[in-house]
Every structure is written in structure tokens, then in C-alpha cells.
Amino acid sequence: MQANPCGHEWVVTITQQEEEPELDQALIDAVAGLGEFSRFAVYVNKFFKPGLPAQLINKDTVIEKLSEHEVNELIEKVSRNKIRISLNYGCIYTYVPVYHTGNVVGVLVIESNQELTERCSMLAIYMLNIYANQLSLLYKSCLDPLTELLNRQTFDKKVIDIAAQAAHGVTHSDVNHRHWYLAMIDIDHFKRVNDNYGHVIGDEVILLVAQLLKNNFRFEDYVFRYGGEEFAILFQATDECDARNVLNRFRACVAEYPFPQVGSLTVSCGFLPICEFEMVASLVQKADNALYHSKNMGRNRITAYCELDIQDNKHNDDSIELF
């Protein structure tokens with residue numbers, strides 16, 4: 001992207017992006033287009049919540065990557081003093097804060113041979129603020145308005161991404177060879193809650209279960225409100241036993257929680273690994289089959305799809321039958 005005096009073209013490009021990867025790339029291109037330096041790294045807390053780590057968005061950066069602790073320290077320093085400049089091994093390092101609603105949610109680290117001009121520094125702050133605002137809008141569009149869990153539309157996209165990775169042999173993360181699993185969770189006898197206590201209390205129960213889900217899964221896992229009282233989770237585990245333990249921990253947490261007015265509640269769950277590419281509907285159907293088995297076996301339990309001993313019918317014919 002060519003440098004432009006006021007940054008107007010960059011603003012237009014950044015605010016046109018409707019997907020996070022393209023938005024990240026638009027910012028990277030804009031920063032690179034400033035022209036006074038070529039070595040930089042951008043770290044952003046994409047959840048906009050204190051305590052969560054800032055992610056490096058230009059992973060191919062040539063400057064030394066910082067640890068989570070180092071990034072957090074930098075964010076604290078730029079929060080107090082705005083732009084910071086330091087000299088190290090003959091290079092000038094400039095640290096530019098990423099602001100969102102008055103809070104610093106990230107930092108741009110620039111390595112250069114000479115101090116940046118005021119114009120370059122101001123344009124960098126300007127672009128970073130525009131990026132953070134657009135990122136916030138994209139993030140909010142992915143959330144369920146009641147629970148602030150990820151919504152159904154985001155679920156479909158994420159499952160497709162993970163299934164596509166599985167199709168290309170990327171079936172686990174780089175950390176401890178963890179595999180992706182899909183779990184569907186349903187609140188047992190939820191209709192009784194609405195019938196006996198009303199929908200306001202029913203919504204409160206959904207909110208509390210959503211909070212328990214957030215507390216029991218890692219920030220790198222994905223927790224969704226699938227619809228009504230049903231939730232979906234995309235999470236990583238080393239194997240089926242590990243996945244079951246993770247889900248059982250959450251199940252027990254719900255069973256022990258004292259829900260106001262309602263008292264005790266339980267959840268049922270079905271889950272399976274995502275090992276190869278499948279359509280979203282197929283994966284959800286399998287997880288739901290395991291979930292229904294948990295319901296039929298008395299509720300308040302976890303069932304893996306493989307326990308059902310269902311033979312998958314895979315057709316080699318890829319044609320579509322219309323009639």
C-alpha cells in the first residue's frame with residue numbers, strides 16, 4: 001500500500017474489512033506503508049479484556065518476538081507514558097500504544113535506525129485506533145447479545161475452519177499435540193425452569209451457565225450459545241479421555257452450583273473429535289446424537305459419539321440428487 005499524507009486511504013481500507021484476518025493484514029500493510037521503517041511487530045489483546053494475552057498479528061516479523069510477560073509490561077508502560085522510545089544495541093525502539101475506548105489493548109513495536117518523525121508517529125497512532133475500533137465492531141458482531149458468548153453464525157465459520165485444517169492434516173495444535181473436539185451441551189429440564197419461574201429467571205440461568213462455561217474453558221477454546229438452552233464448545237484436548245475429563249469437570253461444576261430460586265440444575269453433553277473434513281450439519285448431528293443418548297440414559301452425563309457404535313455411511317459419489 002502506498003504512503004498517503006493524511007492516511008485517508010488506509011482508513012477506508014481498514015474500515016472496509018469484515019473478517020479478522022483481512023483486517024489484520026490491512027493494518028500490517030498500512031504500518032509497512034508508513035515508509036520510515038521496515039521492522040515492526042504488532043501485539044493486540046483481541047478480547048479487549050484485562051488479563052488476557054495480546055497476540056502477535058504479523059507472525060512473520062523479523063524482529064525478536066516478545067514473551068507474554070514482556071508485552072504486558074510494555075502495555076503498562078505505554079499506558080502511563082504514551083509513546084516510548086529506547087535505544088538498544090545501536091537501534092532505536094519506538095513503542096506505540098493501541099487504544100480502544102481510552103484503554104491500551106496492545107502495542108506496536110518499531111525498530112529503526114533513526115527517531116520517527118512526528119507525522120509518522122501520529123499516523124501510526126491514528127491507524128492503530130481505527131484498527132482497534134473496527135476489530136471491536138467485528139468482535140461484537142460475533143457475540144450472542146444475552147450471554148456474550150460467540151453466536152451461531154460464528155460457530156459455523158469456526159467449525160468450517162477447523163474441519164478444513166483437519167482435511168489438510170493439521171489435526172492438532174503445536175502445544176502438546178492437542179486435537180480439536182466439538183461438544184454440544186444442553187441444560188436438563190430447562191422447560192420446567194421457564195414454566196415454574198418464568199422467562200426472566202430462565203434467562204438468568206442461561207447467563208449463569210454461560211459464565212460457568214467461560215470459567216471452565218481456556219481463552220483459546222471457543223464457547224458458543226448455539227440456541228435456546230443449548231451451547232457448543234470447540235476445545236482442544238490430548239485425547240478422548242482428556243476431553244471427557246474437561247467436560248466432566250464442567251458438568252460437575254454446574255451440578256454443584258446453587259442457582260438462585262431454582263436450586264440445583266444439571267447439563268447433558270455429547271462430543272466427538274474433528275479428525276477430517278465434514279460439513280457443519282454432519283458434525284453437529286453426531287454431537288447431538290451423543291447428547292440425546294446422555295439425555296435418554298438419565299441426563300447429567302457425558303457421551304462420546306464413538307460410544308454409540310453408529311456406522312458412518314460415506315458415499316464416494318459426490319453428485320447432488322435434486323429429485
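These are my notebook entries on what I looked up in a predicted model of one protein.

**Ground rules**

I number residues from 1 along each chain as its sequence is written, and I use heavy atoms for side-chain values, with hydrogens and water left out. Since the model is predicted, I noted that local features need pLDDT of at least 70 and that side-chain atom pairs count only at pLDDT 80 or more, while totals for chains, interfaces and linings use all residues.

**Overall picture**

I looked up the secondary structure and found 9 helices and 10 strands in the protein, where helices (H or I, at least four residues) and strands (E, at least two) are DSSP runs numbered from the N terminus. The C-alpha atoms fill a box of roughly 70 × 55 × 40 Å, taken along the principal axes. Of the 323 residues, 47% are buried; here buried means under 20% relative accessible area, exposed means over 50%, and partly exposed lies in between, with a 1.4 Å probe and protein chains only. Among contacts with a separation of 6 or more, 62% are between residues 24 or more positions apart, a contact being heavy atoms within 4.5 Å.

**Helix packing**

I then took two helix pairs, with axes as lines fitted to C-alpha atoms, for helices over the stretch in contact, and angles from 0 to 180 degrees between N-to-C directions. I call angles under 35 degrees roughly parallel, over 145 roughly antiparallel, 65 to 115 roughly perpendicular and the rest oblique.

Helix α2 (residues 20-32) packs on helix α4 (residues 118-141) at an angle of about 180°, with the axes 11 Å apart, which makes α2 roughly antiparallel to α4. From α2, the residues E20, L23, D24, L27, A30 and V31 meet M127, L128, Y131, Q134, L135 and L138 in α4. By class, this contact has 9 nonpolar, 1 polar and 2 charged residues, where Ala, Val, Leu, Ile, Met, Phe, Trp, Tyr, Cys and Pro count as nonpolar, Asp, Glu, Lys and Arg as charged, and the others, Gly among them, as polar.

Helix α6 (residues 190-197) and helix α7 (residues 199-216) pack at an angle of about 140°, with their axes 7 Å apart, and α6 and α7 are therefore oblique to each other. F190, V193, N194 and Y197 are the α6 residues that meet H199, I201, G202, V205 and I206 in α7, and this contact has 6 nonpolar, 3 polar and no charged residues.

**Second largest pocket**

I looked up the second largest pocket and found about 430 Å³ of space in it. On a 1 Å grid over the protein atoms alone, a pocket is an open set of points where a 1.4 Å probe fits, with protein on both sides within 12 Å along at least five of seven lines, and lining residues have an atom within 4 Å of a point. Grid points are joined across faces, edges and corners, and the volume is the space filled by probe spheres set on the points.

The lining has 17 residues, of which L66, E70, L74, N88 and Y95 are the closest to the centre of the pocket. The elements giving two or more residues to this lining are α3 (68-81), β3 (84-88), β4 (91-100) and β5 (103-112). By class, I found 8 nonpolar, 2 polar and 7 charged residues in the lining.

**Single residues**

N103, which lies in strand β5, is partly exposed with a relative accessible area of 48%. Its C-alpha atom is separated by 32 Å from that of G90, 13 residues away along the chain.

D186 is found in strand β6 (residues 179-187) and is buried, with a relative accessible area of 11%. Not counting residues up to four places away in sequence, D186 touches E229, E230, T266, V267, S268, L291 and K295.

E220 sits in the loop between α7 and β7 (222-227) and counts as partly exposed at 25% relative accessibility. With the same exclusion of residues up to four places away in sequence, E220 touches R178, W180 and Q236.

**Positive phi**

E148, in the loop between α4 and α5 (152-167), has a positive phi of about 60° although it is not a glycine, and E148 is partly exposed at 49% relative accessible area. H189, in the loop between β6 and α6, has a positive phi of about 55° and is not a glycine either; H189 is partly exposed, with a relative accessible area of 34%.
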